[in-house]
Structure formats: C-alpha cells, structure tokens
Amino acid sequence: MIIDKFYKRRYVIGGLAVLVVTIFVIRLFILQIIDQSTKSQADSNALVKQTIHPARGLIYDRNGQLLVFNQPIYEIQVILHEMGQDFDTLAFCQSINISRSTFDERMSQIKDRKRNPGFSKFSQQTFLGQMSKEQVASLQQSLYRFSGVYISKRTLRDYTYDAACHVLGSIGEVNQKDLERDTYFSIGDYSGRDGIEKTYEQQLRGEKGVEILMRDSRGRLQGAYLEGTMDQRSIAGQDLTLTLDIKLQLLAEKLLQGKVGSVVAIEPATGEILALASSPNWNPKQLVGRERSEHYSQLLNDSTKPLLNRATQALYPPGSTFKTVQALVCLQEQGIKLTTEYPCFGPISNAGQPIKCTHNHGTPNNLTTALEQSCNPYFWCAFRDMLQRDGYGKDNEDFKLRYDLWRKDVLSFGLGARFEDTDVSEQAVGYIPDRAFYDRMFGPKGWKAITIRSLSIGQGEILVTPLQLANQAAAIANKGYYITPHLNKSETAVHKHVTAIDSSYFDIVHEGMHAVMINGTGRWYNIDSLGMCGKTGTAQNPHGDDHAIFMGFAPMNNPKIAVAVVVENAGYGATWAAPIASLMMEQACNDTIKRKYILDRIANATINPNVQRR
C-alpha cells in the first residue's frame, strides 16, 4: 500500500486537464458551428455573396393581352466591412447626387437591427434601389474608387395600358412588419402593397438566387467561386392571367372620365370579373420607381380620394335597383303572388300612401309593370304585406320573425357582407340592418313596417358596394345562384352560392327588367337584339345631389355580362348610369360599339369638375 499525501492530487490535476480540454472543445464548437460571425468574416475576405433577385411574374388579361411586365433597374449595394475608414463619402454622394444627410440616414437604417433583422456588416445591404441606368452611370465610371460598393440589377414594374390601377395594385419597399412576418424579405426588398400584386405576392415574386464571387489577396473580384458550382439560380415568379377584359376595362374608365363613380362587370356563369373601374384613378406608372412616395402623397391628399376603390369600398343605398330583390323576397315569403296588384296615385301627396311615386303611370300595377315603371307604392305595399302576413303577435315577435326571414333572404344575394372566398382584397362590408339595430333605435316595441318603410325601395339603412350590386345582377341573371366574383382566371375552385329564392320566381323579374329597357326608364339606351334587362335607380344622398345607379345583365337568355354602375351626384340613374351600362353590354356582347354618338357624349361629359381628366 502506497502512502503518499500527494498521491490523491493526481485526480485533481487530471480533472483540471480534462476541464481545460473540454472548455477548448466547447469554445471551438461555438466558434466553428454555432457562432457564424468568424466564419462570415473569413468568408468575406475571400468570397462575395450577391443576391440574385428573380423577375416578377407577368400579368395578362383574359385574352392574353400583356398588362404588367418588367423593366431592368439597378440597386446600389454596400458591404460595410469593406468600406473602411478612408471611404470617400463626399465623392460617393456626389456621384449618385444625394446629400450627406441622406447618406447618414440610410446607413443608420441599414444598421438598425429592429428595422433590418438580417443585418451583417459582412453581407450586402441595399443602400439605394429602383435606379435607372442613367442614374447609376456616373457611379459605374468611378466604382473602383469606392471599396464595398456594388451595383446589382433588378426589375421594375411597367404597364402596357394606363388602366386598372386599383385592380393591379402597386409595388413598394417592405416595411418593418413585412420583415418580421416573412423571412423571405430583407431590408430594401419590394413587395405588393395592394391589389393583385399584394394578393398574389408569393406566386408573383419567385425565389431568390445567390451568386458567389471570389476575391484575390487585394480584395479584387476574380470571378465565380468554384466555377459557379455553388451558385443558386433565381426562379422567376409565376405569370398570372386575370379575368379582366382590357377592352371592357378601358371602355369603363373612358366613360367615367370627369365623373366620380364606378363600373363593375361580371360574367354570370363563372363569377369572373370582366371590368372593375373606379374614378377618379391614376396612371399605374405613377407609383413606380423612386418617385412613388411623392406621387402617393399627392394621391393621398387629393380631395377626390383617387386611392379609394369605389367599386369595392364605397357604400351606397341601392335605391330602386333593390326593387328586383324586394320582389323576389316578397314572392318567396308569400307576401305577394305573381298576380298581385296595388294602386298608385303618382306623385300626389296625401293620397293615403306613405311613400308616393316619383311619376305618373297607369294603375293598378302588377309586378311586371311595377318594375317597368319603378312604382314606389307597389313595393311598399308588398313589403308591408309580407312583414305583416302573420300579424304582429305578442311584443311584435311575429312581425320580427318575418323581418328576420326578409333579412336572411336579402343576405343570400351577397348583399351587406364581404365576399370571404374571393381574391378581391379591399372590400367594404355594406349593411342590411338586423332587428337588434331597430330595437336600439326605436325600442323593442317601437317599430313596425311603417317605421322602416324606406327599406322597401332600397333606401334607409341599406348600404351596398357596386361589386355587391353587380353580383346581385349576376344572381338574378342565373335565376337564383352566383359564383363568388374573382379576378384570377386560373381559379379552379367553384364557389357557388344559392340564394334563398325558389328559381321559379325569377322569370317574372326577368320580364320586368326587360320591360324597363323596352318601355321603362332604360328605353333610350336599349338594343333590341341584345335582350337587355336592367333596373335604374336614384339613390338619395344626404351629403349632396342624388347618385345615379343602374344594375342589369344581357342577353336575357344565356347572359354574358352582369353590370352595375354608380355615378355620384349625377341625379337620375336613367340619365347617366343607364347609358354607361348599356355601352358596356354592347361591347361585351358584340365586341364593338356602334352607337358612337352615345359613347362620345358620355365620355366627354364632366359631372364633377374636380376630377382631372386623363
């Protein structure tokens, strides 16, 4: 047995040695595997990784007409680690025509890890983007003087037509939320900000690539690393074909010149949006390039609100166009029959009718003539008799149950609600009041049919968008169903919605809408051979002159187009909205416009002098 007071110390010494080795191994593991900063620094001394941005997908109309394409632009990229202390900032700023304060501000943004989570001084960062070849020409000549500065090529959106700005949307620089939401983006990247560009951002943008270049000992680029075998090719974005017919779109925008309003056209059988125009608008090229911010600010401050897509975001009472739905609901809920007649005393006041007619016509009226002549008393009486069919009951409960049925039927046409299963992103909801609304307004026992009589003719609290109104026309054209309006021609899922109305009731409404165009308020703009069906409307506007509205479809059999038109502060629907819709029907059905005199009169008319003609 060995007795040595130092003998046991060998365990301590051995343990310390193992500990030291373990610490070194862990540290090496951290440096080489976990902490990539030293690797990035070492790599940056020999290699340069350049991001290859993909070309964005092209956008076509339904007939293959190119709408949106790409033009080459340039970006200035910097690697801060390479710029060094002797970087000539003043000369650099002069070469690209910016101030020193702009340079400092941009550098600060690049270094801000909250704004730029992917920041590394060893990797390329976007300093300035969306520059033309002429703008970078001066820098290209003196690029050798500025270490760490590179010029990369990208693409910028361009447009074949000065049209469809609200539909197509625009491209803008990503913000902080984009960077946090999607790891695809880096500071200085661009993405769709609205419209189709935003809705289909992931399909249109493609996939980035990487090109690795090698340096020599003096930092000069020597070409591809490993002959490009480590490079990753970019993948161009997917092309997109829209449901729009650019001819119809251009026509709609031409007819809206000098006016505030919108036109929406839908193919009833498919739900494909053929045209979606809002006025005032802008040239889509205005929101492209480095002038985007300036132009956007001008549009934002314009009193006519051109950035508002009135086709999908503006809300209006539907006026007399709602009488078509009112007729169908009253038939469905057996408030009236196909043969029901009501008297009308014209515009005479105090004639025993709480809603008087707007003009003189024959009496009594059946449903067909009531639609043809837009008879207010008829639809008030039908609405009243439908709601009061079972009486009022205790605490108005029977009456309220009838109102609930009425509201359910109206909602089934897609009115008063967003289309959730669509690629139309910017939508207002609209409003069809529920019983709770009137309970709050008048008290649970304080409202009856007479209280809410304005609803019978599409006034009062009802609000719809022009897109919903065009969809209403499509549902009536299809005799009881609609396909959700959409913009992507390649959409394969069929989103069919069946209304609450029995299909047998639609024929008489078709006859009434056809009579509107033959003998009624739309007769001046009818084309007999097209079998036009329509309904004019004049919506009361508490903020000024009434709005002119029209809703209809053509042909009567196998309809090709359903259309809604709203012209703000224009008065009667028959005067302005009806001719616009009629011309849209003619173009859609005949692929040409023969009535040039109507086209020229409407297109050259200015209703709102504040709307700049383009």
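Predicted model: local features only at pLDDT ≥ 70, side-chain atom pairs only at ≥ 80, totals over all residues.
Which residue in strand 12 is the bridge partner of Glu267? The partner is Glu272.

**Hairpin of strands 11 and 12**

- Strand 11 (residues 261-267) and strand 12 are paired in the antiparallel sense, with 7 bridges.
- The two strands form a hairpin, and 4 residues lie between them.
- Gly271, in the turn of this hairpin, has a positive phi of about 75 degrees.
- Strand 12 spans residues 272-279, and because 8 of its 8 residues are buried, the strand is largely enclosed by the rest of the structure.

**Second largest pocket**

- At least two lining residues come from each of helix 5 (100-111), strand 4 (125-131), strand 6 (171-173) and helix 12 (292-300).
- Strand 4 makes the largest contribution to this lining, with 5 residues.
- By class, the lining of the second largest pocket comprises 9 polar, 6 charged and 3 nonpolar residues.

**Cavities**

- The model contains 4 cavities of 30 Å³ or more.
- The largest share of the lining of the largest cavity is that of strand 5, at 5 residues.
- The lining of the largest cavity divides into 8 nonpolar, 7 charged and 5 polar residues.

**Thr536**

- Thr536 belongs to strand 15 (residues 533-539).
- With a relative accessible area of 7%, Thr536 counts as buried, because the cut-off is under 20%.
- The side chains of Thr536 and Thr521 are joined by a polar contact of 2.6 Å.
- Beyond its neighbours within four places in sequence, Thr536 is in contact with Ser320, Thr321, Thr521, Ile549, Phe550, Gly573, Ala574 and Ala578.

**Pro317**

- Pro317 is located in the loop between helix 13 (310-313) and helix 14 (323-332).
- Pro317 is buried, and its relative accessible area is 12%.
- Residues up to four places away in sequence aside, Pro317 touches Gly458, Gln459, Ile462, Leu463, Ala539, Gln540 and Ile549.
- The C-alpha atoms of Pro317 and Gly430 are 9.4 Å apart, although the two residues are 113 residues apart in sequence.
- Ile549 is one of the contacts of Pro317 and also one of the contacts of Thr536.

**Val464**

- Val464 occupies the loop between helix 18 (435-442) and helix 19 (466-477).
- The relative accessible area of Val464 is 3%, and the residue is buried.
- Apart from neighbours within four places in sequence, Val464 is in contact with Ala314, Leu315, Tyr316, Pro318 and Leu415.
- Val464 and Asn604 are 140 residues apart along the chain, and their C-alpha atoms are separated by 28 Å.

How values were computed. Residues numbered from 1 in each chain as written. Heavy atoms only, no water. Nonpolar A, V, L, I, M, F, W, Y, C, P; charged D, E, K, R; others polar. Buried < 20%, exposed > 50% of the residue type's maximum accessible area, 1.4 Å probe, protein only. Contact = heavy atoms within 4.5 Å. Pairing = 2+ DSSP bridges. Polar contact = N/O pair within 3.5 Å; in protein donor to acceptor, adjacent residues only side chain to side chain. 1 Å grid on protein atoms, 1.4 Å probe; cavity = no way out; pocket = protein on both sides within 12 Å on 5 of 7 lines; lining within 4 Å. Points joined across faces, edges and corners; volume = space filled by probe spheres on them.
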